[in-house]
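Grab a pencil and work through these exercises with the structure open beside you. Try each task before you read its solution.

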Amino acid sequence: MGVGARLSLQPMTADFVPVILEALEAAARPEVEVVTDDVSTFIRGAEDDVVAYLLDAISAAAQSGAHVVAHVHLSRGCPGEVACAVDDAILRRPVTLSPLPPSHHAASAHWALYPLDDGDADGPGDHMAGILAAIEHARGLGVVTGSEHFVTRLDGDLADVLAAVAQGWLLVGQRVRHVVSHATISLGSPSASAAGAR
């Protein structure tokens with residue numbers, strides 16, 4: 001059905017290769033397909049499993065103590081490589097994520113959500129309605145700390161930030177056949193430490 005993610009981990013350390021490889025290995029689970037190339041890591045599985053994998057991989061990278069940036073790209077629905085003959089009742093089914101355990105890693109993120117809503121015979125799609133509903137949902141989780149150019153700012157435990165990103169993605173997926181979400185997540189940033197020390 002086209003459920004999956006792409007993850008790019010960027011540890012700010014000269015010894016970045018083992019940090020990335022060990023993080024991906026630490027997150028491994030049999031129910032998730034993982035394929036890594038020279039650009040990013042592809043993750044496919046059920047929504048719950050994909051999000052749990054992301055939490056484990058990013059948390060493991062953060063354990064290195066380095067400033068880590070993770071680029072997370074979630075896609076659900078009918079991307080180009082999947083035929084779109086799937087019934088709406090299946091594509092738009094409600095999905096509830098299992099609660100994510102706290103990671104104990106403070107995270108900051110820039111989050112963007114893209115409902116790929118082409119509309120229908122009655123007119124164009126209202127993509128902003130889904131985006132605004134997802135932001136309000138994230139606001140209710142207590143992680144929205146602002147709005148910046150083209151993104152919503154999220155701050156909190158990594159698990160809470162990922163939950164907000166994933167739950168917004170799934171919320172919009174109940175209305176739109178193909179939904180993409182992107183988050184750039186920063187952990188252990190020296191800039192954040194300096195700002196907190198002021």
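A salt bridge is a side-chain nitrogen of Lys or Arg within 4 Å of a carboxyl oxygen of Asp or Glu. Keep in mind that this is a predicted model.

**Exercise 1. Find out which residues are linked with R29 in a network of salt bridges.**

Step 1: Start with one pair. R29 and E31 form a salt bridge, and their closest N and O atoms are 3.9 Å apart.

Step 2: Now widen the view. The network links R29, E31 and D56.

Step 3: E31 has 38% relative accessibility, so it counts as partly exposed. R29, at 21%, is partly exposed too.

**Exercise 2. Work out where R44 and E33 lie, and what their pairing ties together.**

Step 1: Look at the contact itself. R44 and E33 meet through their side chains in a salt bridge, 3.0 Å from N to O.

Step 2: R44 sits in strand β3 and E33 in strand β2, so the bridge ties together parts that are eleven residues apart in sequence.

Step 3: Compare with a pair inside a helix. R139 and E136 form a salt bridge with closest N and O atoms 3.1 Å apart. These two are three residues apart in helix α4, which means about one helical turn separates them.

**Exercise 3. Decide whether S75 is buried or exposed, and find its side-chain partner.**

Step 1: Locate S75: you'll find it in strand β4.

Step 2: Use the cut-off. Buried means under 20% relative accessible area, and S75 has 12%, so it is buried.

Step 3: Look for the partner. The side chains of S75 and H178 are joined by a polar contact of 3.0 Å. S75 also touches other residues, including G2, W169 and V180.

**Exercise 4. Explore the largest nonpolar core: which residues touch the most other members?**

Step 1: The core has 51 residues, and the ones touching the most other members are L7, L9, L54, I58, L154 and I185.

Step 2: Ask which elements supply it. Among those giving two or more residues are β1, α2, β5 and β8. The largest share, ten residues, comes from α5.

Step 3: Zoom in on I185. Its contacts include I58, V72, A109 and L162.

**Exercise 5. Find the nonpolar patch on the surface that includes V17.**

Step 1: V17 belongs to helix α1, and its relative accessible area of 43% makes it partly exposed.

Step 2: F16, V17 and L21 form the patch, with about 280 Å² of accessible area together.

Methods
Residues numbered from 1 in each chain as written. Predicted model: local features only at pLDDT ≥ 70, side-chain atom pairs only at ≥ 80, totals over all residues. Heavy atoms only, no water. Core = buried A, V, L, I, M, F, W, Y, C linked by side-chain atoms within 4.5 Å. Buried < 20%, exposed > 50% of the residue type's maximum accessible area, 1.4 Å probe, protein only. Helix = DSSP H or I, 4+ residues; strand = E, 2+ residues; numbered from the N terminus. Contact = heavy atoms within 4.5 Å. Patch = residues over 30% accessible without salt bridge, like charges linked within 9 Å, V, L, I, M, F, W, Y side chains within 5 Å. Areas by Shrake-Rupley, 256 points an atom, 1.4 Å probe, with all protein chains shown as cover. Polar contact = N/O pair within 3.5 Å; in protein donor to acceptor, adjacent residues only side chain to side chain. Lists of a residue's contacts leave out its neighbours within four places in sequence.
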